[in-house]
Amino acid sequence: MGDSGGAFEQAVYGGTVATEAEPQSVLLAGHDVPLGRYTTVRRLLPQRRRRLVGAWCFVDHFGPDDVSGRPGMQVPPHPHTGLQTVTWLVEGEIVHRDSLGNRQPIVPGQLNLMSSGHGIAHSEQSPPDHPPGMHGLQLWVALPEEARHGEPGFDHHRGLPVLRTGDATVTVVVGEFGPARSPARVHTPLVAAEVLFATAGHDRMPLEPRFEYAVLVMSGDAQVAGVSVSPGALLYLGRGRSDLAVHVPGPARLFLLGGEPFAEPLVMWWNFVGRSHEEIVRARDDWMAGRRFGTVAGCAHEPLPAPPMPTVRLKARDRFGGTAG
Ligand code: MN
């Protein structure tokens, strides 16, 4: 999934220069965005004040929604470049189809990881007989220069490392957390982990001081580094932390994101991550002309047309929203 048309930000991003070396605690409110015809997501990244966390460049939180008797998620075929998509469900089922011929249902606790390389197309649909609830995340990882021109790929991981720290059960979705490492193939140092508290409790989670981190809450409430966090916001934590104190007053599900600050300037527009205005124009032209991205077989929906290009040139911006040279 991703930007399916309509409300998407035309401006852009990048990772570069200045990086805070110190811990921070900045609570960033997300905003609602329609996705496909039937789903509204909370977009937590990118934001004006924060474009990236490590290589994480896009974070959507959807649900919990009651989709019984409704279509659920229906995102028609659309293209991607320069990124990996991470889909993580805690309720529901979504069927992924892509232009490599993969058809993969995803259910809670499993990871779908799609790598666009130079180009891929996919669709995401709740199947007709879907469960009544839907709740999950979709995240994008920006690919570094050496990986972004490669072949597209898709991986489904059923078995992810699970460990206990404090009162929390942590599932390592991507990258490394403490002694555990996800089997998912990524191209920059980063982490994504689900942190589940079955009851009230606390934890002091091990962090990597070189990484910058952010935490979101999928359900319940939490005190993270002394800041109250609820669903709908992202707490940016900066760098330089070797651990993170979390307290929850009741059952709660958190999600931790982190990584080495991503150094390359980026241009993001619609479903494309590139390095220049011209690259984005070429990707858009290729999609509209039926080149490069292939076709998604087995999806009843027509492919999504790309929105018109903005009338101004897209510029790379730094990690904080300023223009990067
Ligand atoms: Mn997508």
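Me: Why are Glu 208 and Arg 210 called a salt bridge?
Reply: The term needs a side-chain nitrogen of Lys or Arg within 4 Å of a carboxyl oxygen of Asp or Glu. In Glu 208 and Arg 210, the closest N and O atoms are 3.2 Å apart. That value is within 4 Å, so the pair is a salt bridge. This is a predicted model, where local features need pLDDT of at least 70, side-chain atom pairs count only at pLDDT 80 or more, and totals for chains, interfaces and linings use all residues. Residues are numbered from 1 along each chain as its sequence is written, and side-chain values use heavy atoms, with hydrogens and water left out.

Me: Are Glu 208 and Arg 210 buried, exposed or partly exposed, and how do you know?
Reply: Buried means under 20% relative accessible area, exposed over 50%, and partly exposed in between (1.4 Å probe, protein chains only). Glu 208 has 27%, so Glu 208 is partly exposed. Arg 210 has 43%, so Arg 210 is partly exposed too.

Me: How many salt bridges does the rule give?
Reply: The count is 14. Some residues are linked in a network of salt bridges: Glu 145, Arg 148, Glu 264, Arg 275 and Glu 279.

Me: What makes Arg 43 and Asp 60 a salt bridge?
Reply: Their closest N and O atoms are 2.8 Å apart. The pair links distant parts of the chain, 17 residues apart. Arg 43 is in strand β3 (residues 39-45) and Asp 60 in strand β4 (residues 56-66). Strands (E, at least two residues) and helices (H or I, at least four) are DSSP runs, numbered from the N terminus.

Me: Why is each partner called buried or exposed?
Reply: Arg 43 has a relative accessible area of 5%, so Arg 43 is buried. Asp 60 has 0%, so Asp 60 is buried as well.

Me: What makes the contact between the side chains of Arg 43 and Asp 60 polar?
Reply: A polar contact is a pair of N or O atoms within 3.5 Å; within protein, one must be able to donate a hydrogen and the other to accept it, and residues adjacent in sequence count only if both atoms are side-chain atoms. The contact between the two side chains is at 2.8 Å.

Me: Why are β5 and β8 called edge strands?
Reply: They belong to an open antiparallel sheet of four strands, β5-β10-β7-β8. β5 (74-80) and β8 (103-106) each have a single partner strand, so one side of each is left without a neighbour in the sheet. The twist averages 20° from one strand to the next. Four bridges join strand β7 (residues 94-98) to β8. There, Arg 97 stands opposite Arg 103 in β8.

Me: What is said of Arg 241, and what lies around this residue?
Reply: Arg 241 sits in the loop between β21 (233-238) and β22 (243-248). Arg 241 is buried yet has no salt bridge. The nearest side chain of opposite charge, Asp 243, is 6.9 Å away. For charge, Lys and Arg count as positive and Asp and Glu as negative; His and the chain ends are not counted. The Arg 241 side chain makes a polar contact with the side chain of Ser 25 (3.3 Å). A polar atom of this side chain also lies 2.6 Å from the backbone oxygen of Gln 24. Leaving aside neighbours within four places in sequence, the contacts of Arg 241 (heavy atoms within 4.5 Å) include Pro 23, Leu 207 and Glu 208.

Me: Why is His 118 called partly exposed?
Reply: His 118 has a relative accessible area of 29%, so the value falls in the range for partly exposed. His 118 lies in the loop between β9 (111-115) and β10 (120-125).

Methods
Pairing = 2+ DSSP bridges. Axes fitted to C-alpha atoms, helices over the stretch in contact; angles between N-to-C directions.
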